[in-house]
Each structure stands twice: as structure tokens, then as C-alpha cells.
Amino acid sequence: MNKNYNITVVSCLLPLAALAAGISSTATANTLATFDKPNIPVKYIVKFKDQQENGLSLRSESAEFSGGRVAQRSLLDRLSADNIEEFGTESTYSAQLDKEAIQALQNNPEIDYVEVDPPRHLLSQSLPWGQTFVGATLLDDSNAGNRTVCIIDSGYDLAHNDLSGNQVNGTNDSGTGSWSSPGRHNAHGTHVAGTIAAISNTEGVVGVLPNQNVNLHIVKVFNESGWGYSSGLVKAIDTCVANNANVINMSLGGSNSSRTEEAALKTHYDNGVLLIAAAGNDGNTAHSYPASYDSVMSVAAVDNQKHHADFSQATNQVEIAAPGEAILSTVTLGEGRLADITLAGQSYFNRGVVPHNRLVNINGNYEPTPVPGSVTAQLARCDTSSGVYNCSNMAGKVCLTERIGNQQSGVYPEVDAVKACYNAGASAAIVYSNTELAGLQNPFLVDTNGSYNLVSVSVDRALGLELANSVGQTITVDSSINQDYEYYNGTSMATPHVTGVAALVWSYHPQCSASQLRKAIKATAEDIDVAGRDNRTGFGLINAVSAKEYLDAGCNGPDGNGSGAESFENTQATAIPDNSRYGITSEINVTRTGDAGVLTVDLNVTHTYIGDLNVKLISPTGESVVLHNNSGSSSNNILKSYTVDYTGIESKGTWQLKVYDNARRDTGTLNSWRINFK
């Protein structure tokens with residue numbers, strides 16, 4: 001599929017660095033006020049200095065700012081700013097400004113900086129084979145209730161049978177409508193959600209987390225126009241965090257960076273939230289944001305032969321790869337397209353049969369124009385051995401042919417195969433992949449003038465060659481509309497595979513940090529392109545089972561614990577008495593001998609006010625170290641790994657963990673703890 005969301009990325013005519021540096025001439029303001037996409041309003045982020053930065057002298061000279069938000073809004077109003085939105089810290093705004101307002105703000109000592117609010121777009125080009133490729137089907141998701149995944153996108157069709165039974169809630173952003181009812185032509189977010197959590201219910205598809213255990217929060221920031229601002233993304237991420245998100249999926253991006261966005265994402269990542277975003281679909285080496293910030297995992301797309309997808313951007317920020325070509329998932333009810341091939345009573349649907357993504361030029365815009373129908377006829381092969389299509393007489397037949405050439409950025413050869421079959425009189429066409437890209441493809445069929453009104457589908461090379469052995473037999477090709485599922489392409493589709501796997505693996509080891517999980521995912525990826533990390537696929541194809549096994553050895557993995565690493569664990573859950581000086585004592589009998597050295601302790605405690613808690617580790621010979629000392633205030637739960645130096649202390653014997661609750665009302669449980677020796 002290719003929704004009309006793959007908009008040419010917006011760029012401003014002056015580098016953002018120049019704007020951030022405070023250039024304030026009239027010429028600069030004029031330049032800043034223009035995007036190369038006139039249909040998208042230009043907005044700016046205005047960051048006021050914090051009060052402590054301003055100093056008393058500045059506050060006395062500008063007493064109007066002492067009123068905080070009210071005074072700041074007043075200044076923007078006086079400068080005739082339009083569409084003002086507050087977000088982030090209490091001194092940051094997004095607004096439409098004219099050149100005089102920009103210059104006035106840049107010259108105002110109360111302003112930290114002004115920068116363009118760069119647009120962010122959905123990044124979709126358009127039987128989830130991807131679930132098996134990432135190892136999701138080999139891990140049980142019964143622990144996933146301890147994780148919350150937040151999806152920032154275009155909404156979630158709560159009426160869809162494959163999504164309605166999940167543990168899900170959401171937030172509407174201004175102007176986008178209900179998060180749970182995306183509306184027509186707005187299925188991108190529903191497709192992303194299906195890859196993460198489509199329910200295992202005997203129909204449709206299944207997601208990485210299919211058993212209705214994971215918590216989902218949906219933030220709808222896109223409507224059918226398919227774009228929004230960086231400031232809206234920052235607000236959405238803040239909303240995710242406020243709703244206890246552990247992992248945030250961002251199948252979106254744009255070409256310009258933002259200081260404000262970068263700082264906000266770094267803060268959330270540093271505070272333990274894993275941020276995952278699409279690398280981009282322009283098929284070049286340009287950076288896309290937010291994926292290209294250091295705090296974000298940038299996800300590339302591959303096909304079902306583990307080949308890098310032609311559209312997937314290749315940059316030095318790409319970190320991991322996942323399935324993103326011909327991905328079948330949920331869409332808004334009735335908006336999907338499906339296809340099937342039946343031969344000798346056997347359906348090939350589960351092998352992957354992709355209805356052609358036909359685009360016709362209508363009044364200057366290329367719009368999806370599918371050709372539905374069912375054709376039963378004799379199968380015939382159109383020869384391509386000479387490098388061109390030689391179809392002979394295909395009258396009333398189903399034309400099977402190999403694709404000559406592959407789709408690249410701006411190159412769409414699929415129409416040539418269908419044209420050859422159509423001109424030979426065929427009633428339907430099946431196009432199979434060539435040796436160069438043998439996997440299942442979902443290419444555009446750019447039929448500019450609507451000339452080839454033919455039922456047509458794509459299959460992978462293996463299936464195409466199988467069908468070639470049945471030439472002369474009767475075959476049926478079906479292509480249907482008004483379905484609830486569809487194949488999409490894009491790094492947008494790769495991203496939720498990574499998000500789902502991250503939540504799945506993390507659910508087994510919630511005591512590990514976001515950075516430790518991120519390290520585990522990279523360290524255990526399957527190297528599929530150039531040896532080692534590369535700009536096309538990063539560290540390789542994500543592998544759920546290997547990442548879990550890495551963390552099974554400890555939050556820092558087997559390499560972090562050194563050779564001969566040993567772990568000992570107590571998984572008996574024990575309630576922590578409220579406001580008790582006696583607390584609880586949990587023990588682990590360590591059979592390892594020798595110097596304990598620098599060890600790590602993985603702690604899993606649920607509690608509604610961790611500022612009440614004191615946690616102490618005691619060695620067999622009585623040496624104690626405080627792991628948690630009444631910090632964290634009203635935060636919930638301790639899911640953390642601690643590094644402790646017990647060098648010179650014998651490891652063998654009974655280790656104790658003492659947990660005290662020093663205040664009334666809030667209570668909790670020590671669920672488990674583990675000692676990891678190097």
C-alpha cells in the first residue's frame with residue numbers, strides 16, 4: 001500500500017543552525033518565513049529563557065515576564081502570533097509568526113532561541129511473515145502486562161475485531177478527532193498497531209504481542225492529511241510518558257532537526273523510556289528525524305529474503321532492521337485490499353499474494369485505483385528469457401511472468417509486466433520476483449492513464465517458479481476491495497516490529513533499563529548485510545529470542561558479566577510491610593566460590609511510592625551496601641540494575657536483601673531479585 005502520506009519532505013530555505021544562532025536581520029526573517037511546500041503553514045518554536053537564566057536585572061527591566069505563562073502569551077499576542085500552542089517546559093511555544101515578530105523575538109533578551117517547527121510526516125510507502133522473522137512467535141507474551149507501548153500515529157480503529165479486545169486507551173490531539181475512530185483514508189496508525197498487537201483470535205492476522213496482555217496507549221496526532229509539527233510530536237511524547245509508556249513507537253519523520261525536539265527526546269530516554277522511529281522512505285542517505293537523534297533507535301526495512309528495501313534510507317544513525325516490505329496488517333474497517341491464488345483446490349494466500357498497488361493520474365494526482373475481480377482461466381507463461389516480455393497470445397488466459405527490473409526511487413517497472421500481459425489479451429496477471437530481489441515485493445503499479453484495467457498480483461520468486469510448473473492448468477486469481485487488512489510498505493512498518501519485540505523482551509526482564517535493552521537488541525541482531533554494522537541495516541535484523549537470552553545472563557548481558565559469569569536469583573514474591581522498621585529479608589544461597597568482585601543486582605519491586613523504601617544488600621560475611629535510599633518520591637516501582645563493588649569479599653554463602661518501608665499508606669511487593677557475578 002502507499003497512502004498519500006509519502007509527501008516530499010519539507011525543508012526550510014535557511015539551515016536551522018543559523019536560526020538557532022540568533023540571526024536577526026530582516027532578510028533572514030523573510031527567508032525563514034517560507035517553506036518549499038506552500039500548502040503547509042510555517043510555524044516556529046519560541047523558547048523563553050528560564051527565570052533563573054534571566055537574572056534579577058532582566059526581570060526588573062521586563063517585569064511583564066514575572067507572570068510566567070500569562071506574560072509570555074501576552075508578548076506573543078502583541079506580536080500578532082497565530083495558532084499559539086504551549087508544550088514541553090513552561091517556557092516553550094509553537095506559533096505562526098510574521099517576519100517582524102521573528103525579528104522582535106530574536107532581539108529580545110528574554111528569548112533563548114527561535115527555530116522553525118519542522119513538519120513530521122507518516123512514513124508509509126504505501127500474513128505477517130515478519131513475526132516469524134523477528135522471532136516473536138517463539139516467545140510467550142504472558143508477562144507483557146508489565147509493559148506499556150505508546151503509539152503516536154493517526155489513530156486506532158477500535159471497531160476492528162483484531163484490535164478491539166486489547167488493553168488500550170488513548171489521547172486525542174487538537175484537530176485530529178477521536179483516537180479510536182480514525183476515519184476514512186487514515187489507516188496508517190491502525191496498520192502499525194496491528195503489527196504490534198493484533199489479537200490471536202482465529203481470524204485476520206496476529207501481532208508481535210497477540211494475547212491481549214500488553215498495555216497500549218494511542219496518541220492521535222495525524223489526520224488524513226498525513227502531517228503535523230515537531231512541537232505536536234513533543235507534546236505527544238510527553239503524553240505517552242504521562243501515561244507510563246515504556247516504549248514509544250514513532251512511524252513518522254521529517255528532514256529537519258529541532259533543538260527542542262532533540263532535547264525533549266533525550267530527557268525522556270535518559271529517564272528510562274525507549275524511543276523507536278522509522279529511518280525514512282526516501283531511499284537515500286539523508287537523515288530523518290526523530291529517528292536520527294542519538295536518543296532514538298532508527299529502524300530500517302528489509303524484505304522476506306532479508307534484503308534491504310529500496311526505499312529504506314541508509315544513514316550512520318540506522319541501528320536495527322526489521323520487516324518492512326509487503327507487510328500485511330489491520331486497516332480501517334472496509335478500506336483494505338486482499339488477493340488470493342487458487343490452484344487445484346489449494347489456496348496460496350498464506351504464501352503471500354499481494355494485489356497490485358495500482359496508481360492512476362486523476363486530475364494531476366496519483367490515486368489508488370485497484371482493479372477488483374475474480375478470474376478463472378488457463379495459466380500461461382510470458383517468457384522473459386531474452387530480457388524483454390514475449391507473451392505471445394494470452395487471450396482469455398492468466399498470464400504468469402517474471403518481473404524485469406525492480407522498483408527503485410522514482411523507477412516503477414511493474415507496469416511493464418502488466419502492460420505486456422494486457423496487450424497479449426490476458427484476463428489476469430501474476431508477476432513474480434526476479435533473482436535480484438527474490439522476496440515478496442509490494443511495488444507500485446503506476447498506470448498513469450488507466451490503460452491496463454487488469455486483475456493483477458505479485459508473488460515471490462519461489463511461488464512464481466512453483467506456479468510455472470502448472471502452466472496449462474486452470475487457475476483462479478482473486479483481487480478484492482472493502483477488506484479489513486492490507487499490505488503496506490515502509491520503514492513505518494518495520495518500526496512496530498522493533499517496538500513489539502522490545503516490549504516483549506523487556507517484559508521478561510523489567511528490572512533492566514531502556515539503555516540495557518537497547519544494547520541487548522543491537523548486540524544480538526542477525527548480521528544480514530555488510531559484515532558488522534552498516535548504514536543500510538544497522539547492526540542487523542532484530543531477534544527476539546537472542547535478545548531475551550542476552551538479558552537472561554543479566555541486564556548487561558554475558559559480555560558485561562565477563563567469562564564464567566554466574567547468576568543466582570530469588571523469585572519468591574514477598575509483601576513489604578507498611579511503615580515497619582523490621583521490613584523483610586530475602587535470601588539467595590550462592591554456591592559460586594571466589595572473590596565476589598564487581599557484581600550487579602537486578603531488582604524488581606512494585607510499590608506505589610518508592611520514596612518510602614530503603615533497600616540494602618548484605619554479603620555472607622556481613623558487608624552491606626545501600627541500593628536504594630528513599631529516593632524517587634512518588635514514582636512507582638523499582639525495576640533497576642545496580643552495580644556494586646564487593647572486591648575482596650568471598651562470594652559463596654547466603655546473601656541477603658533487606659527492604660524497609662519507612663512511611664504510612666503506600667505498600668508494595670518484592671517480586672524478585674538476582675545477583676550477577678562476573
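Helix 12 passes helix 14 in a right-handed crossing, where right-handed means that the near helix is turned clockwise from the far one by less than a right angle, and left-handed that it is turned anticlockwise. Helices (H or I, at least four residues) and strands (E, at least two) are DSSP runs numbered from the N terminus. This is a predicted model, in which local features need pLDDT of at least 70 and side-chain atom pairs count only at pLDDT 80 or more, while totals for chains, interfaces and linings use all residues. Residues are numbered from 1 along each chain as its sequence is written, and side-chain values use heavy atoms, with hydrogens and water left out.

**Confidence**

The average pLDDT of the protein, the predictor's confidence in each residue from 0 to 100, is 87, and 88% of the residues score at least 70. Residues 53-66 stay under 50 in pLDDT, and the model has 17 contacts for them beyond four places in sequence, a contact being heavy atoms within 4.5 Å. Residues 123-127 also have a pLDDT below 50, and this stretch has 43 contacts in the model beyond near neighbours in sequence.

**Helix packing**

The axes of helix 12 and helix 14 come within 9 Å and cross at roughly 30 degrees; such axes are lines fitted to C-alpha atoms, for helices over the stretch in contact, and the angles run from 0 to 180 degrees between N-to-C directions. Helix 12 and helix 14 are therefore roughly parallel to each other, on a scale in which angles under 35 degrees count as roughly parallel, over 145 as roughly antiparallel, 65 to 115 as roughly perpendicular and the rest as oblique. On the side of helix 12 the residues that meet helix 14 are Val 501, Val 505 and Tyr 508, and their partners in helix 14 are Ala 544, Ala 547, Lys 548 and Leu 551.

Helix 12 also packs with helix 13, at an angle of about 115 degrees and with the axes 11 Å apart, and the two are therefore roughly perpendicular to each other. Here too helix 12 makes a right-handed crossing, passing helix 13, and the contact is made by Ala 502, Val 505 and Trp 506 of helix 12 with Ala 514, Leu 517 and Ile 521 of helix 13.

Another pair is formed by helix 8 (residues 230-242) and helix 9 (residues 259-270), which pack at an angle of about 15 degrees with their axes 10 Å apart. Helix 8 and helix 9 are therefore roughly parallel to each other, and their crossing is left-handed. Among the residues that make this contact are Leu 233, Val 234 and Ile 237 of helix 8, and Ala 264, Leu 265 and His 268 of helix 9.

**Disulfides**

A search of the whole structure finds 4 disulfides, a disulfide being a pair of cysteine sulfur atoms within 2.5 Å. With bonded cysteines counted along the chain, they follow the pattern 1-2, 3-4, 5-6, 7-8. The table lists some of them.

| Disulfide | S to S distance | Angle about the S-S bond |
|---|---|---|
| Cys 382 and Cys 391 | 2.0 Å | -75 degrees |
| Cys 399 and Cys 421 | 2.1 Å | -55 degrees |
| Cys 512 and Cys 555 | 2.0 Å | -85 degrees |

Both Cys 399 and Cys 421 are buried, where buried means under 20% relative accessible area, exposed over 50% and partly exposed in between (1.4 Å probe, protein chains only). Cys 512 and Cys 555 are both buried as well. Cys 512 lies in the loop between helix 12 (491-508) and helix 13 (514-523), and Cys 555 in the loop between helix 14 (544-552) and helix 15 (557-561), so the pair ties together parts that are 43 residues apart in sequence.

**Backbone sites**

The peptide bond from Tyr 289 to Pro 290 is cis, with omega near 20 degrees, and Pro 290 lies in the loop between strand 12 (274-278) and strand 13 (296-302). Ala 326, a residue other than glycine, has a positive phi near 55 degrees; Ala 326 is buried, with a relative accessible area of 0%. Ser 392 likewise has a positive phi, near 50 degrees, but at 66% relative accessibility Ser 392 counts as exposed.
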